[in-house]
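Here are my notes on the model, as numbered points.

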Amino acid sequence: VSNGVLTVYSDAGIPLGAQIYTWKGSTAYFNGDYTGIAPPEGNKCFMTTGTSWQGWGVFLSTNLSAYSNGHLKFWVRSSQQLKVELEGPMNTKRSYYVPSTTNAWREFSVPISTFAGVNLSQMYGLFVVTAETPGTFYIDYVRWTKTP
């Protein structure tokens, strides 16, 4: 945490003690150090591609109550809609759908209040993203901020 920002995924990595999990319906490929396109932050982004549904997330048991009035910020490049979720506690998810960015980088700033009902004092899934249809998407610079 630095200046009220918890960085969940960036070129610097993920928070200490966190894990990245992936899931897929059939064939999928995941690369958290992808350098094949120019990302908004740093030199790499997280690329996901698959022939069915596929996704990934950063997981860490932690208390994020201090961010209740803040935002979840992240960059997306995708031709498909994506489902972004927060999970806390385990198996208690709240969702937000991100529209296609027409394969251009676009930053999203989603108020944490959008995920109403998620227990911030018992967070587990700090950022969870799933494509429910086949395709490729890229994510970069995911962070929780205390202010917009």
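1. The charged end of Arg77 sits over the ring of Tyr138, 5.9 Å from its centre. A second case is Lys146, which lies over the face of Tyr67 at 5.4 Å from the ring centre. The criterion for a charge over a ring is NZ of Lys or CZ of Arg within 6 Å of the ring centre and within 35 degrees of the ring normal.

2. On provenance: this is a predicted model, in which local features need pLDDT of at least 70 and side-chain atom pairs count only at pLDDT 80 or more, while totals for chains, interfaces and linings use all residues. Residues are numbered from 1 along each chain as its sequence is written, and side-chain values use heavy atoms, with hydrogens and water left out.

3. Rings of Phe, Tyr and Trp (its six-membered ring) pair if their centres lie within 6.5 Å; planes under 30 degrees apart count as stacked, over 60 as edge-to-face and the rest as tilted. The count by this rule is 13 aromatic pairs. In one of them, Trp56 and Phe127 have ring centres 5.7 Å apart and planes at 55°, so the pair is tilted. Trp56 belongs to strand β5 (residues 54-62) and Phe127 to strand β10 (residues 123-131), 71 residues apart; strands (E, at least two residues) are DSSP runs, numbered from the N terminus. Both Trp56 and Phe127 are buried, meaning under 20% relative accessible area, with exposed over 50% and partly exposed in between (1.4 Å probe, protein chains only).

4. The pair that involves Tyr138 has Trp105 as its other member: the ring centres are 6.4 Å apart and the planes at 55°, so this pair is tilted. Trp105 lies in the loop between β8 (93-98) and β9 (106-111) and Tyr138 in strand β11, so the pair ties together parts that are 33 residues apart in sequence. Trp105 and Tyr138 are both buried.

5. One aromatic cluster is formed by Tyr9, Phe46, Trp56, Phe74, Phe108 and Phe127.

6. Which residues touch the most other members of the largest nonpolar core? They are Trp56, Leu72, Phe74, Phe127, Ile139 and Trp144, in a core of 32 residues. A nonpolar core is a set of buried Ala, Val, Leu, Ile, Met, Phe, Trp, Tyr and Cys residues joined through side-chain atoms within 4.5 Å. The largest share of this core, five residues, comes from β10. A second, separate core has six residues, among them Tyr34, Cys45, Trp105 and Tyr138.

7. Strand β4 (residues 45-50) has five of its six residues buried, so it is largely enclosed by the rest of the structure. Five bridges join β4 to strand β3 (residues 28-34), and the two run antiparallel; strands pair if DSSP finds at least two bridges between them. Across this pairing, Tyr29 stands opposite Thr49. Five bridges also join β4 to strand β11 (residues 135-145), again antiparallel, and there Phe46 has Ile139 as its bridge partner.

8. Thr101 is in the loop between β8 and β9. At 9% relative accessibility, Thr101 counts as buried. The side chain of Thr101 reaches the backbone nitrogen of Ser78 at 2.9 Å. Apart from neighbours within four places in sequence, Thr101 is in contact (heavy atoms within 4.5 Å) with Val76, Arg77, Ser78, Arg106 and Phe108.

Notes
Helices (H or I, at least four residues) and strands (E, at least two) are DSSP runs, numbered from the N terminus. A polar contact is a pair of N or O atoms within 3.5 Å; within protein, one must be able to donate a hydrogen and the other to accept it, and residues adjacent in sequence count only if both atoms are side-chain atoms.
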